[in-house]
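Have the viewer open as you read.

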Amino acid sequence: MAFLQIENLNFTYPNASGRALANISLVVEEGEMVVICGVSGCGKTTLLRHLKRELAPHGQKSGAIYYAGKLLEELPLLTAASEIGFVRQNPDTQIVTDMVWHEMAFGLENLGLSTPEIRRKVAEMASFFGIDGWFRKPVSELSGGQKQLLNLAAVMAMQPRMLLLDEPTAQLDPIAAQGFLDIIRKINRDVGVTVLLSEHRLEEVFPMADQVVVMDEGRILEAGEPGKIVELLESENRQVIYIGLPSPVRIYSAIRKGSCPLTVREGRTWLNELLPFSKRNPARELKKGLDRKSDFGPRSPNFNLRLKPAVEVKQVWFRYEREGGDILRGLSLQAFPGEVLGVLGGNGAGKSTLLRVIAGLLKPYRGQVLINGRKIREFKAGELYHHNLVLLPQDPQALFVHDTVREELEETAHLLNPDQDTFRGELAGIAVELGVEDLLLHHPYDLSGGEQQKVALAKLLLLKPRVILLDEPTKGLDAHSKEILAQIFQNLCRKGVAVILVSHDLEFAAEHADTCTMIFDGDNVSTGPASEFFAGNSFYTTAANRMARGMFPKAVTCKDVIELCQMNLSR
Amino acid sequence: MSDESEPLTPRASTNIDVSAGLKSIDTNIKKNPHTQESMINTSRKTETNTRLKLVRKGLVVLIPVLLIISALVGNGNYGLLSVLLIIVTTVPFFLRFERRKPQARELVIIAVMATLAALGRVVFAPVPDFKPTSAIVIIAAVAFGPEAGFLTGAVAAVASNLFLGQGPWTPWQMFCWGMIGFGAGMLSKGGSKSVLVLSIYGFLTGFAFGWVMNIWFIVAFVQPITWAAVAAAYISSFWLDFTNALSTVLFILLLAKPWLKKLNRIKVKYGLLE
Amino acid sequence: MVRAFSAIHPAVSFTFFAFIIIFTILFQHPVFVGISLSGALFLSWLLSGGQGVKSGVKLYFPMFLLIALANPLFNHRGKTVLFYLRDNPVTLEAVTYGLCMAASLVAVALWFSCYSKVMTSDKFLYLFAGFAPTVALLITMTLRMIPNLKVQLKAVASAQQAIGLDARTGNLVQRLRKSMRITSILLSWAMEDGMETADSMKARGYGVKNRTTFSLFKFDARDGVILAVVLGLAGICLTGYFLGYGVMRFYPVLAPLKISGLALCLYTAFGAYAFLPVLIEFRENLKWHFCK
């Protein structure tokens, strides 16, 4: 019998109509790395929780799970707790104690180990993870990435044989996520721990996997090697699933010639074989770069250059404390109505600070911020945020106060117009526009991350903003939810709203922003139309662009590359 | 009580008499008769190893404490004596909790409520005696029962003092806020959960809190202790106690309804029972 | 900056502080009080430097004066009348007693502030865990949540501000209402997050077995020696106290100061005790000095 064997697992949540898991059968050998993917609500989390007995959800269950030859339920308590490790999305909520060293020891304390044993195991893990430098620090001083590493280290200190990771990098910035995944790879390859990982961001994990499991609506669509998964999925040709796959795989899935590339390097080789020099047509490629965008972006013919900027940041300097270092150093920026402006940059570059300065939450000590041509200081307190400017916080929870989505929206609608009938109508309109009309009776906390994001956005849109500021709106969202979000932005732009989004998500910015600007060290170092911006970068750019570099220099998104390939192939 | 400002700041200056101090300690003992009782009960019910261990631990504390108490009474050192008595009173609550082996969710809930109570105290620290702490402790007790109430109060006191400064007042505050929570829990268990009842309770405990803390102040600073001194201490603390009582009522009126509603939802959603 | 004394095992430093505070309260005797006060002053100078002592003096001197003056003004016991104030006698005994009391209280306060500096939260929790491990865990969790909730509180407040519900504007009622909104949001958020924390505890085997308590503190030979010294000196002082050396008679007339051999021994023992942290510190400083 295999290390982990799931046989015909079915599960229904109490009071739910459909099955959350349906006929799940899966075999995992010891030491394997399994990546589970699928849109939000496809049952990934439910499946992983079933594998961790302590966290198995309540409900109606049938089928069997065998772990190391035994029924999972029959495993001794102690073995179940220590041999199966679980790390989930939010780095902050999983930490129990206030010090790094104590957190690492927490699980071992629970197992009743003696102080010398704990000391040894903790020391071992701290060295393995390279966290000996911050071993004695309070947890509150760590960055998000460090916190998630700590969570992993605390689980690894218990020496598990199987690691269950539920979207562990969803809340991390790309560099921290990369660091986390590197450690996972090390744990899997060098220590031989079996890993089951669910992820939305598949670029990095796909090449690492031995087995990819694609789930949808509680079922396993296909399971197999990452290189074969496209072939396997052929029968189930669904757009929703393909857009979540890594760029090389996505491009391949549209062309389907040769063997499926998994990494950018393999992708480049594959493209070169697909389109030898003689077959390429640079003229088509050039034309392509010009007519890609919507009718409203700054590059479109009907874009009026004399249009006034909705947001104008002029030579802004900011620091938090008088003695502290400058966060923004003479930064200038313009955002126009009907345009999505992507603000990109690394951690600590000042992106979020910039957003808060534009929102009037922080006051620069030098420089000006103009909102629709008016100095931000001249706005009265409430006036700035009504009919004018809104900020979507990173955590939508910070906005939810009521028991149902409807009350949540009604309250905001009420802020602007006390008249019942008008706001009812408006509320219904916005609810339909954002696709939250089915959620109106739910409690905001019972929704998924993507749904919460939409409700928060709906709440803000009821304030009828002309400028929308978004702080990492795609954080933790799956590809499908991102598409929906992008649709919403497009609609807003069509109405002449200016959208400014701060993000680490290059792929999203490349596909959906009109203009991109990169912030570094408190100032913007380059600004330009999205395609030019990314085509001009060599490292800080999309996977598709890196893959097609030298062949189609202006192709930035998967769609670009696919179209260009098809055009060239059809010739 | 001037518990907010870390160093010992006398709130009244006063003088002589012994009997009053003794009386206040007597009443203190009478008020909490379950102290010794529950210790004995514990030793009777020794079924498991852990219980034995806990009782032994309790006795290790109790015996020297009683010895020291007898020595202190002889010399009229009521300051030390009272601190010891307070510690001894709170011990059984902790031991019971230890013995019960609480679930992870119980711990988290108490920790969240204690954090909010402590945070409220730290945030309002600049305004003497105006703080939401008692109100939050009462709400926690109403939502999750007397024991959770006691622990929320006691833990909030220690945790906030780790920021504001520890001192001999820490055990007193643990006792006071713990008891406020315990009392509120008993009250709501008895069926009186209305905001009005809670407000009245909050108002009374606002004063009770000050009065108990006055005992500490008197035994620590007033020497020798006289009736006049005791009266002076209580009169001079009236406005501070009144502020405390009023702030507690205010915060109960503001918080009780929305918070209890939210806590109930959490209880239902996560299947938590008292 | 005190390194050596802060580095000793928490059980030892706790024992030290417990006894010195108890002694300072017990010994109502000018010599003992004087020694204790100077020991406390010296240690707080080492702990917080000149600036710390300055602010300490600002804080404690008025308190000292208040108590030292109040006693002779309100208490007219004692036979040696110094002068009359509005027909009330001010006696030498009452003045001495007042000074002694005031010094003793300030000394206790100073020892407590030193205690707060030396006994950091992890040391306190280590000791507490020895007695009530679950409650100690509860306090640890609370300490973890306080900074976390502070961050969330800020996030909620600015999110609310950015939809025009700034809790710092409007009249009192509006401000209160908006502030309560913020706390309500925070409560829900913290509780929902807390449930994930509980899952994380369960996932790591909480409740499976009797917990042990891990700490980074190690009780080494040096701690043993210091503990022995602390207990030895404390024993001597306590014996002296029970022999009647610790308390001086103030009323009706000041008793003469005892300067017998035994009394001198006792003063020395107590002096050594009160200055123990300072001695430990100086010893280490010397070592570093010569090592270089």
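Predicted model: local features only at pLDDT ≥ 70, side-chain atom pairs only at ≥ 80, totals over all residues.

Residues are numbered from 1 along each chain as its sequence is written, chains are lettered from A and ligands numbered from 1 in the order in which they are written, and side-chain values use heavy atoms, with hydrogens and water left out.

**Interfaces**

Start with chains B and C. Their contact (heavy atoms within 4.5 Å) takes 64 residues from chain B and 60 residues from chain C. The buried area here is about 5600 Å², with carbon and sulfur atoms giving 77%; buried area is the accessible area (1.4 Å probe) that two parts lose on being put together, summed over both. Chain B and chain A, for their part, bury about 400 Å², and carbon and sulfur give 32% of that. That contact draws on four residues from chain B and five residues from chain A.

**Salt bridges**

A salt bridge here is a side-chain nitrogen of Lys or Arg within 4 Å of a carboxyl oxygen of Asp or Glu. Over all chains, the count comes to 30. Three of these bridges are found between chain B and chain C, and there are three between chain B and chain A. Some of the pairs that cross between chains:

| Pair | Closest N to O |
|---|---|
| C:Asp199 and A:Arg49 | 2.9 Å |
| B:Lys269 and A:Asp446 | 3.0 Å |
| B:Arg105 and C:Asp199 | 3.8 Å |
| A:Arg88 and C:Glu196 | 3.8 Å |

Which residues do the shared partners join into one network? They are A:Arg49, A:Arg88, B:Arg105, C:Glu196 and C:Asp199.

How covered are these residues? Buried means under 20% relative accessible area, exposed over 50%, and partly exposed in between (1.4 Å probe, protein chains only). C:Asp199 counts as buried because its relative accessibility is 6%, and A:Arg49 is buried too, at 15%. A:Arg88 is also buried, with a relative accessible area of 15%, whereas C:Glu196 sits at 21% and so counts as partly exposed.

Residues 32–50 are 100% helix, with the end C-alpha atoms 25 Å apart. Residues 57–74 are likewise 100% helix, with their end C-alpha atoms 25 Å apart.

There's also a nonpolar surface patch of about 910 Å², whose members include C:Val57, C:Phe61, C:Phe74 and C:Leu92. Patches are made of residues with over 30% relative accessible area and no salt bridge; like charges are joined within 9 Å and nonpolar side chains (Val, Leu, Ile, Met, Phe, Trp, Tyr) within 5 Å. Which element gives the most to the patch? H3(C) does, with six residues. Helix H3 (30–74) and strand S1 (81–85) of chain C each supply at least two, where helices (H or I, at least four residues) and strands (E, at least two) are DSSP runs, numbered from the N terminus. C:Phe74 belongs to helix H3, and its 48% relative accessibility makes it partly exposed.

Terms used. Areas by Shrake-Rupley, 256 points an atom, 1.4 Å probe, with all protein chains shown as cover.
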